[in-house]
Amino acid sequence: MFHSFFPRPKLFFLSLALWTLLAIAVWYSVGEALGTAIGLPPLPQDFQAPISIAFFVTRDYVWFYLFAAVWMVPFGLFWEFYSKDHRWRHWSIWGTFFIVFTTYFGVQGSVAINNWRRPFGDLLQRALDGKPGVNSQQFYDLMLLFCTIVFVNVVIFVVVRFFVSHYVFRWRTAMNEYYMSQWERVRHIEGASQRVQEDTMRFASTFEGLGVSFIDAIMTLIAFLPILVGLSSYVTDLPIIGAIPHSLVWLALLWSVFGTVLIAVVGIKLPGLEFRNQRVEAAYRKELVYGEDYADRAQPLTVAELFNNVRMNYFRLYFHYLYFNLARSFYMQADALFLTFMLVPTIVAVKITFGLYQQITTAFGQVSGSFQYLITVWPTVVELMSIYKRLQAFEAAIEGGPLPEIDQRYLAREADEGEIVANRP
């Protein structure tokens, strides 16, 4: 699944993680000094970021773009040389870099919009309160600025999605080519044709959504966490808890960890049941296919038994999804009120304006949403894990390892059926 597309995937991803951590360490330790040395010193602390597309080309951002490009190139060139015989190295190495960088750039668009919310909200509040000095042109100007930022966001979103679709299809192509090159070793696995055609397709499409959303969650966390730290200075008192430093950050972290653990615990059985569901459906479908060619196959008792397996597995799934959806729904509904409940003392004390409230809720939602990644995508993760388990049988057959227990049972059944077919006149 991975080594067909990525060169030495375990080593590649491990080295990428270490290289990224090193980049972060260098950036936060000597980044400002390096930027100053090349004529791009950091902006002053009281600098007000422009609420327009100029936000993307401030001095700090230009220096970050240069730093990221210079840091990525040596890593990419090393893996280009180290894996020069790997057919898909260009897409897996440089394509991954492109997706990460453009996703980060897109997240900065959300930061720009969040900066826009405060002046717009404050202007709206002054207008509703009847304060003097508010006119229509001020609203039109801010809305025009909003449109310019959104235009950049839309372009980046479309470009990233278009590229990711091609990237993931190349990954599917790599898997398909690899499995077909090993066809003689895996064709005896139950549902081999389905795994090569359907499972690789589903793996690619599912991973497309999960991969992009995961990168987006990480980049959102990196971009909005410092903003939430700054906004925490306005929230000095919390219900029950009282005053704590960096209150908004701790609230987002603890609330999201609670939700993630809750969903992981109540949904722990779903991947195995989804995997078994693929098995019983495949067995039922295969018997019906045999019934098209042989009159003594797909007999009522056999079909009834196989469909009963399908029915029982679906009923188990329905039961486990019952309490999973119950827990998930209650958490998501509580999440809608959690921040407002925690902000009540601050609101009552009139420590924030409406524009600042909007900025806090947006930044908190972005950070907590990143922490709650598993809560949001858990049903999709369940589907991906079931596909992964099916494709593991291919990997086991190719590498000569033991098949999963359920595949061993189907393989033994296949051998018995082969003897029956061979003995037919």
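Student: Which residues does Thr 102 touch, not counting residues up to four places away in sequence?

Tutor: This is a predicted model, in which local features need pLDDT of at least 70, side-chain atom pairs count only at pLDDT 80 or more, and totals for chains, interfaces and linings use all residues. Residues are numbered from 1 along each chain as its sequence is written, and side-chain values use heavy atoms, with hydrogens and water left out. A contact means heavy atoms within 4.5 Å. With residues up to four places away in sequence left aside, Thr 102 touches Ile 156 and Val 160.

Student: Is Thr 102 buried or exposed?

Tutor: Buried means under 20% relative accessible area and exposed over 50%, with partly exposed in between (1.4 Å probe, protein chains only). Because its relative accessibility is 10%, Thr 102 counts as buried.

Student: Which backbone oxygen does the side chain of Thr 102 reach?

Tutor: Thr 102 is found in helix 3, which covers residues 89-128; helices are DSSP runs (H or I, at least four residues), numbered from the N terminus. At 3.3 Å, the side chain of Thr 102 reaches the backbone oxygen of Ile 99.

Student: How many helices does the protein chain have?

Tutor: Strands are DSSP runs as well (E, at least two residues), and the protein chain has zero of them. The secondary structure comes to twelve helices.

Student: What percentage of the residues in the protein chain is buried?

Tutor: The protein chain has 425 residues. Of these, the buried residues make up 42%.

Methods. Polar contact = N/O pair within 3.5 Å; in protein donor to acceptor, adjacent residues only side chain to side chain.
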